[in-house]
Structure formats: structure tokens, C-alpha cells
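Visitor: I'm new to this one. Could you show me how to read it, feature by feature?

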Amino acid sequence: MTNEIIWIIFAIVNFSMLLLFYRLFGKTGLYVWIGMATIIANIQVLKTVELFGLTATLGNILYGTAYLATDIINEKHGKDEAKKAVWMGFATLLAMTIFMQIALTFQPGADDIAHESLTTIFDLIPRVVAGSLAAYIISQSFDVWIYDKFRKMFPADKHLWIRNNGSTGVSQLLDTVVFCSIAFYGSYPTEIFFEIFITTYVIKFIVAIMDTPFMYIAKKMNHV
């Protein structure tokens, strides 16, 4: 099975699981999902794969579901609840970063088999950590704001795709600018930096388009 087919299946599974969380647990399920998605996406992003002829990192799909979750909250529960969800996700990601950095300071036991692997995953470069945290809070806060603006400009249900794709597309661009600038600018030649930037955003934009049908399903969904 090719990476492209696995990636499409993976996207469907991610979006479907998000809807299941919403169906079973309502707004609380989306809060939990956002916290979980931000943590796991920041682990998955360490793995690079070839997709559609481009070198890309994993994590973009799961990270994209966090935008979908905040858009659903904004659409059905209001701007203030979406803001709360964003800050809960940020606090979760920050707490995980702090906990794991402290955990790595412990001296492993003689028979330990996990320390080196955990170090590879969680002993992150400070610029990458700073870029990830800054990009999340800036882009997600912007997403909540611009989605609310789009909802006032295009209030009809038939324009839900404009609110969803418009807000996520612009917010993901902002996310990519902030993250790549903090994490990578100056570390790579200019042409490599822009290749990373463009590839990252293209993948994120594709994910934003793919989540549209799931946004419509969530809009009509009755949850417990």
C-alpha cells in the first residue's frame, strides 16, 4: 500500500474519530480531542515521509483536526467556548513539554530500554519547541477570530464551507509562517527553507479542504 493511500485512509480515520468523540461526549469530547491532537501531532511531526512527490512530515492531519474541532465549537457553541478550547490545547501542550523535559533528567536504570528512544522524541531543540507553542496559540486564536468574522459575513448554512475553509486556510498559513520562521529560519539555506515552508503549507491546505464534509456532518449532528 502506498504512502498516499495510507495518508488518505489516515485522514478519514482521524476526522471520523473526531466526529465520534463529538457524538459521544459533545463539546467536552472536542476539548479532549484538541488536547490529545496537539500532543500526538507534535510527536508524529518528527517522522518524515514521501507524499505526492514531496517530502513531508506526519502530524499535519491530526494537527488539522484541532482546527476543525475549534471551528465546530465556534459554529455550534460560540466564540468564547472556542477561545477556551484553544487555551486548553495550549496548556496541554505546554504541560506535556515541561513534564517530559523533567522526566528526561532522571538517570535511567541499568536495565532501562526506553530512555534513549524517549530522548530522541522529546529532547527537542528549543527553537522547535518555541516555534510549535507560538504557532499554535497565535494561529488558533486567529482561527477563532476570523471564523467568527466569516460567520457574520456568510451566515447561511450553504456558506459553511466558506467559513470552514477560509478560516482554516488562512490560519494554517499563519501557523506555517510562525513555526517555520522561529524553528528553521537561518538554519537552512534560503531555498531549502522555502521548500520546507511551501511543502508544509500545501499539505496543511489539502487537509483543510478534506475536512469540509466532516464539518457539514458535525453541523447536523445531534450529540448527547
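This is a predicted model: local features need pLDDT of at least 70, side-chain atom pairs count only at pLDDT 80 or more; totals for chains, interfaces and linings use all residues.

Visitor: Pockets first, then. What volume does the largest pocket have?

Guide: Here's the general idea: rolling a probe the size of a water molecule over the atoms shows where empty space is left. In this model the largest pocket comes to about 870 Å³. It is lined by 38 residues, and the closest to its centre are Val45, Leu46, Thr57, Phe179 and Phe184.

Visitor: Which element gives the most to the lining of the largest pocket?

Guide: That's α7, with seven residues. Other elements supply at least two residues each, among them α1, strand β2 and α6.

Visitor: And how do the lining residues divide into nonpolar, polar and charged?

Guide: You get 23 nonpolar, 11 polar and four charged residues around the largest pocket.

Visitor: What about Val170? Which residues does Val170 touch?

Guide: Leaving out residues up to four places away in sequence, Val170 touches Phe142 and Ile146. Val170 sits in helix α6 and counts as partly exposed because its relative accessibility is 36%. Between Val170 and Phe142 there are 28 residues in sequence, yet from C-alpha to C-alpha the distance is 8.9 Å.

Visitor: Last topic: how many salt bridges are there?

Guide: For these, you look for a side-chain nitrogen of Lys or Arg within 4 Å of a carboxyl oxygen of Asp or Glu. By that rule there are eight. One of them joins Lys27 and Glu81, at 3.3 Å from N to O. Lys27 is in helix α1 and Glu81 in helix α3, so this pair ties together parts 54 residues apart in sequence. Lys27 is partly exposed at 26%, while Glu81, at 19%, counts as buried.

Visitor: Where do Asp175 and Lys204 lie?

Guide: They form a salt bridge too, with the closest N and O atoms 2.4 Å apart. Asp175 is in helix α6 and Lys204 in helix α7, 29 residues apart, so to speak a link between distant parts of the chain. Both Asp175 and Lys204 are buried.

Visitor: Which residues are linked in a network of salt bridges?

Guide: Glu75, Asp157, Arg163 and Lys219.

Technical notes. Residues are numbered from 1 along each chain as its sequence is written. Side-chain values use heavy atoms; hydrogens and water are left out. On a 1 Å grid over the protein atoms alone, a cavity is a set of points where a 1.4 Å probe fits but cannot get out, and a pocket is an open set with protein on both sides within 12 Å along at least five of seven lines; lining residues have an atom within 4 Å of a point. Grid points are joined across faces, edges and corners, and a volume is the space filled by probe spheres set on the points. Helices (H or I, at least four residues) and strands (E, at least two) are DSSP runs, numbered from the N terminus. Ala, Val, Leu, Ile, Met, Phe, Trp, Tyr, Cys and Pro count as nonpolar, Asp, Glu, Lys and Arg as charged, and the others, Gly among them, as polar. Buried means under 20% relative accessible area, exposed over 50%, partly exposed in between (1.4 Å probe, protein chains only). Contact means heavy atoms within 4.5 Å.
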